[in-house]
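Colleague: Please take me through the model shown below, one topic at a time, and give the cut-offs as you go.

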Amino acid sequence: MVKVTVCIGSSCHLKGSRQVVEELQYLIKENNVGDDVNLSGAFCMGRCQENGVNVTVDGQHFSITPDEVKDFFKKEVLSKIK
Amino acid sequence: MSLFVDFGYTSLNHFGEELCGDKVEYAKNGDYVTLVLADGLGSGVKANILSTLTSKILCTMVSNNVSINECLETMVASLPVCKERGLAYSTFTVIHLNHSGDGFLFEFDNPQAIYIHDGKCLDLNRKKLLISGKEVYQSELKLKDNDYIVTMSDGAIHAGIGATLNFGWEREDIKKYLESIYDSKLSAKAMATQLAKSCNDLYLDKPGDDTTIAAIKIRKSLNVHIMVGPPVEKEKDDYYVARFLDGADKTIVCGGTSSTIVARYLKKPIEVDLNYLEADVPPTGKIEGIDLVTEGVLTLRRLLELSEQYLSIVDLSPKIFVRQDGATRLADLLFVQASDVVFFVGQSINAAHQGLPIDITMKLKLVESLANNLKKMGKNVIVNYD
C-alpha cells in the first residue's frame, strides 16, 4: 500500500490542489490500483513557499504542478506498487 | 436561563418602485430588543419618508423606555402632511422584548401579528387603546423558548388580489401556510424570507403593494468560538488554544496552521475529506473535539458573500444552509445557530502567503467585515487579536 497525501491548504489550493486531487483520483481508477494506493489530504504541510502543490508519497516530499501529475504518478506512485 | 432574541425581515418593493414604502428599524438597549415595522401611506418616495420617520422615531423612543403615549404624540407632530391627501399617516407594529421573553407589542393598522408556539399559529390577546386619536392595540408578551412572532405590512394579506386570488391572501391562510413550513430550526430571517417569497409568487413577481415580513424568534443562547490563524507568540500556542476552547458551546477552527496547532494541543489527528463539494471552497477537515475545521481565507471569503446574501432585505433565496462545504457549514453555525460569536484572530504572518490574495491583511479585513455583518444579524460579537 502506497500512501499519497495532498496538501489542500490555502496556498496549495491556489496552486491547483483540486486539479491534482481529481487527476490522481482519475489515474488511480484508470490504472485500477484503488486497493494499492491510499489517497488522503492534509491541511498545510508548512512548505507554502514551494512552487507547486505539496504532495507526500510514503512520507517523501514532492512539489508538483497540475501539469506534472501524470508523470509524477507513473514515476513515483505506480513504480512503488509491488 | 438567558434566551436570545433572533430577528430578521424581508421586503418586496411595489412593482416598478425603487424605494420601499415599508421600513423596519431595530435597536438593542441593555436587556431589551426593539423592532418596529412601519408602512407609509402610498408608495415610492413619500411612503418611504413616512415609514422611515415613523420607524426611527418609535424605535429610538421605545427602546429608551419612553411611554407609548409620548412616542405617538411625537410621531404625529413630526410626520409631514401629504399634499394630495391632506393626511400624515403610517401604520406600525412595535415589539419590545427582553431576553427572558417578556415585553409588549403595539399595533396600529398593520395586519394582526401571528404568534407561533409549538408550531401552531395563534392570536395574541389584544387590548384596544385610544392614543392621540388613534386606535392602538396592545398585547402583553410572555414568549417561551422557540416561539416566533411574525408581523407584516398589508402587502402580505393583499398578495395575489384580483389575479391569483379573489380577495388576496387571507390571514387565516397565511397562518396555515406558516404552520406548513414550520421547523423549530428556522431562523427568524428564514421564516420571514420564506413568507415574503410566497407573497411574491402570489403577486406573480409583480407586487401590487410594498410587502414586508418581519419576524422575531426567541431561543436558547449558543456561544460559538472561532479561531482564525495562528497567534504571533509561537511559544504560547498552548495558552491560546486553551483560552479558545474555554467556555464555548461550539468550536470552529479556520486555517491549516491553526488546525495543526489545535490538533497538537488535543493530541488528535486531523482527518481531511478530499471531496470538493464546491469548486472554489477547499474541503473541510475533522479533529475530534472540534465542531468544524475548515481552510482559512478562501473559505472565509465565500462566507462573507453568504453573509451579505443572508442580510439582504430583498433577496428571496431560502435562508437555510444545507450544503456541506466548509463555507455553508460555517454559515449554518454562525448565522443560524450562534447567539454569541467570539473570534480568536492570530496575526502571525505566513511569509509564503504575502503577495497572494490570501495574505494577512486580507484575513484581517475579512474578519472585520464578517464581525460587522454578524452584529447586523443581532449577534453578540467579540474579536480578540492575538
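Modeller: The radius of gyration is taken over C-alpha atoms, and the globule rule is 2.2 Å times the number of residues to the power 0.38. This is a predicted model, in which local features need pLDDT of at least 70 and side-chain atom pairs count only at pLDDT 80 or more, whereas totals for chains, interfaces and linings use all residues. Residues are numbered from 1 along each chain as its sequence is written, while chains are lettered from A and ligands numbered from 1 in the order in which they are written.

Colleague: What is the radius of gyration of chain B?

Modeller: Along the principal axes, the C-alpha atoms of chain B fill a box of roughly 70 × 40 × 40 Å. For 386 residues a compact globule would have a radius of gyration near 21 Å, and this agrees with the value for chain B, which is 23 Å.

Colleague: What percentage of the residues of chain B count as buried?

Modeller: A residue is buried if 20 or more other C-beta atoms, placed from the backbone, lie within 10 Å of its own, exposed if 12 or fewer do, and partly exposed in between. Of the 386 residues of chain B, the share that counts as buried is 48%.

Colleague: How many strands are there in chain B?

Modeller: Helices (H or I, at least four residues) and strands (E, at least two) are DSSP runs, numbered from the N terminus. Chain B has nine helices, and its strands number 18.

Colleague: In which order do the elements of chain A run from the N terminus?

Modeller: The radius of gyration of chain A is 12 Å, close to the 12 Å that the globule rule gives for 82 residues, so chain A is as compact as a globular protein of that length. Its secondary structure comes to three helices and four strands, and from the N terminus on these elements run β-α-α-β-β-β-α.

Colleague: How are helix 1 and helix 2 of chain B oriented to each other?

Modeller: Axes are lines fitted to C-alpha atoms, for helices over the stretch in contact, and angles run from 0 to 180 degrees between N-to-C directions; under 35 degrees counts as roughly parallel, over 145 as roughly antiparallel, 65 to 115 as roughly perpendicular and the rest as oblique. The axes of helix 1 (residues 44-63) and helix 2 (residues 68-78) of chain B come within 10 Å and cross at roughly 155°. Helix 1 of chain B and helix 2 of chain B are therefore roughly antiparallel.

Colleague: Which residues of helix 6 of chain B meet helix 5 of chain B?

Modeller: The axes of helix 5 (residues 237-245) and helix 6 (residues 256-266) of chain B cross at roughly 85° and come within 10 Å, so these two helices of chain B are roughly perpendicular. From helix 5 of chain B the contact has B:Asp237, B:Asp238 and B:Val241, and from helix 6 of chain B it has B:Ile261, B:Val262 and B:Tyr265.

Colleague: Which hand has the crossing of helix 7 and helix 8 of chain B?

Modeller: A crossing is left-handed if the near helix is turned anticlockwise from the far one by less than a right angle, and right-handed if clockwise. The axes of helix 7 (residues 297-311) and helix 8 (residues 326-337) of chain B come within 9 Å and cross at roughly 50°, and that makes helix 7 of chain B oblique to helix 8 of chain B. The crossing of helix 7 of chain B with helix 8 of chain B is right-handed.

Colleague: Is B:Asp359 buried, exposed or partly exposed?

Modeller: B:Asp359 lies in the loop between strand 17 (340-345) and helix 9 (360-376) of chain B, and, leaving aside its neighbours within four places in sequence, it is in contact with B:His353 and B:Gln354. Because it has 17 C-beta neighbours inside 10 Å, B:Asp359 counts as partly exposed.

How values were computed
Contact = placed C-beta atoms within 7 Å.
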